[in-house]
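Let's take a friendly walk through this model, one neighbourhood at a time. Keep the sequence and the 3D view open as you read.

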Amino acid sequence: MDVATSLERHVEFPELAVPSYPVPMDDRYTNEPEMAARVIREQWSMGSGAAGHLVRLLENHGILVVFSPPQVASVDAYSFDTHLRPVVVLNPIKRDYYRQRFDVAHELGHLVMHSDAEPGGKIVEDQAHRFAAELLMPAEQMRQVLPRAMGAHAWKTLARLKEQWGVSLQALLYRARRLGCLSDVSYRNAMATLSTRGWRRNEPGLITTLEQPSLFAKAVELLEGEGITEAQLVEQCRVPHGLFRSVTARAPSSEPSIASVSVKESSRKSTKVVSLLEYSQRSRENDDELVRR
């Protein structure tokens, strides 16, 4: 990734700390994906409660998270590894906080379990789905709180759990069936209710702002403070300015960027290096505070 390579000439990103937990691509029946998620929760000191700011959690452990340019967004999310560090690419058009978190957890599952796997296979995708479910909704805790029958009270419980754990109603229902809390019949009836209410595509929820990546954005801001302009960085990266803006932005852009930049001012080269480590630690503290509110 040209942008990452260029920025890492100047900026020290957080150290890469992503455990490897390979799971065979034909493994349908064991609980290895769930075990991989528990390894992450333990090694990343996530505790026993809901995951906090998931995008920031990945960034603090050395994974780059970016939004793709809107004109090329075609899938919910995807991930890949580079010689520098892994990258998770999010869809800027899918503006749903709860589903975005599941997408991020799903892609983390691929990075942890499937370093050599071809994406898109049914079993591999199911493994990543199970990893994400366990990471965001640990079985040990969810079995105690998920409804075991559907009714008015059950929907109130699901609404509360949605905000507490930061996951969609559909994910909670799928988890309830997976853990044996809901029967197949109850699950199908609940999903039919979601469809009737129009919630399969647009669920109600209190949080409307997406989790936003910050490593690239902070790097650009730091370098501007050190006298290294965006124009210089664009020239060093050798990518279109619109693409640079998209992948270094905190928030997704709904329209393709048509901004232009002059590179005449970029003739001055800089080898100054600044660190994002202290900023990463501060952002982690700030995110923990937001989760507690």
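Predicted model: local features only at pLDDT ≥ 70, side-chain atom pairs only at ≥ 80, totals over all residues.

## Arg85 and its partners

The side chains of Arg85 and Glu8 form a polar contact at 2.8 Å. A polar contact here is a pair of N or O atoms within 3.5 Å; within protein, one must be able to donate a hydrogen and the other to accept it, and residues adjacent in sequence count only if both atoms are side-chain atoms. Arg85 also has a polar side-chain atom 3.2 Å from the backbone oxygen of Pro14.

You will find Arg85 in the loop between strand 3 (77–80) and strand 4 (87–90). Helices (H or I, at least four residues) and strands (E, at least two) are DSSP runs, numbered from the N terminus. Arg85 is buried, with a relative accessible area of 7%; buried means under 20%, exposed over 50% and partly exposed in between, using a 1.4 Å probe and protein chains only. Beyond four places in sequence, the contacts of Arg85 (heavy atoms within 4.5 Å) are Glu8, Phe13, Pro14, Leu16, Gly62 and Leu64.

Residues are numbered from 1 along each chain as its sequence is written, and side-chain values use heavy atoms, with hydrogens and water left out.

pLDDT is the predictor's confidence in each residue, from 0 to 100. The protein chain averages 85, and 83% of the residues score at least 70. Over residues 255–275 the pLDDT is below 50, and this stretch has 40 contacts in the model beyond near neighbours in sequence. Residues 287–293 also stay under 50, with four contacts beyond four places in sequence.

Is His83 buried or exposed? His83 is found in the loop between strand 3 and strand 4, and His83 is exposed, with a relative accessible area of 69%. The C-alpha atoms of His83 and Thr5 are separated by 9.5 Å, although these residues are 78 residues apart along the chain.

## Two nonpolar cores

A nonpolar core is a set of buried Ala, Val, Leu, Ile, Met, Phe, Trp, Tyr and Cys residues joined through side-chain atoms within 4.5 Å. The largest one has 52 residues, and those with the most contacts inside it include Leu54, Leu58, Leu108 and Phe131. Helix 4 gives the most to this core, with seven residues. A second, separate core has 21 residues, among them Phe13, Leu64, Ala219 and Val239.

Leu58 is in contact with Trp44, Ile63, Val65, Val88, Val104 and Leu108, leaving aside neighbours within four places in sequence. Helix 4 (residues 97–113) also holds His106, which is buried with a relative accessible area of 11%. Not counting residues up to four places away, His106 touches Glu125, Ala128, His129 and Ala132.

## Helix 9 and its buried face

Which residues of helix 9 are buried? They are Tyr187, Ala190, Met191 and Leu194. Seen down the axis of helix 9, these buried residues fall within an arc of 100°, so they line one face of the helix; the arc is that of the directions from the helix axis to the C-beta atoms. An α-helix has 3.6 residues a turn, so residues three or four places apart point the same way.

The buried residues of helix 9 pack against helix 7 (152–165) and helix 8 (169–178). On the other side of helix 9, Arg188 and Thr196 are exposed. Gly198, with a positive phi near 75°, follows helix 9.
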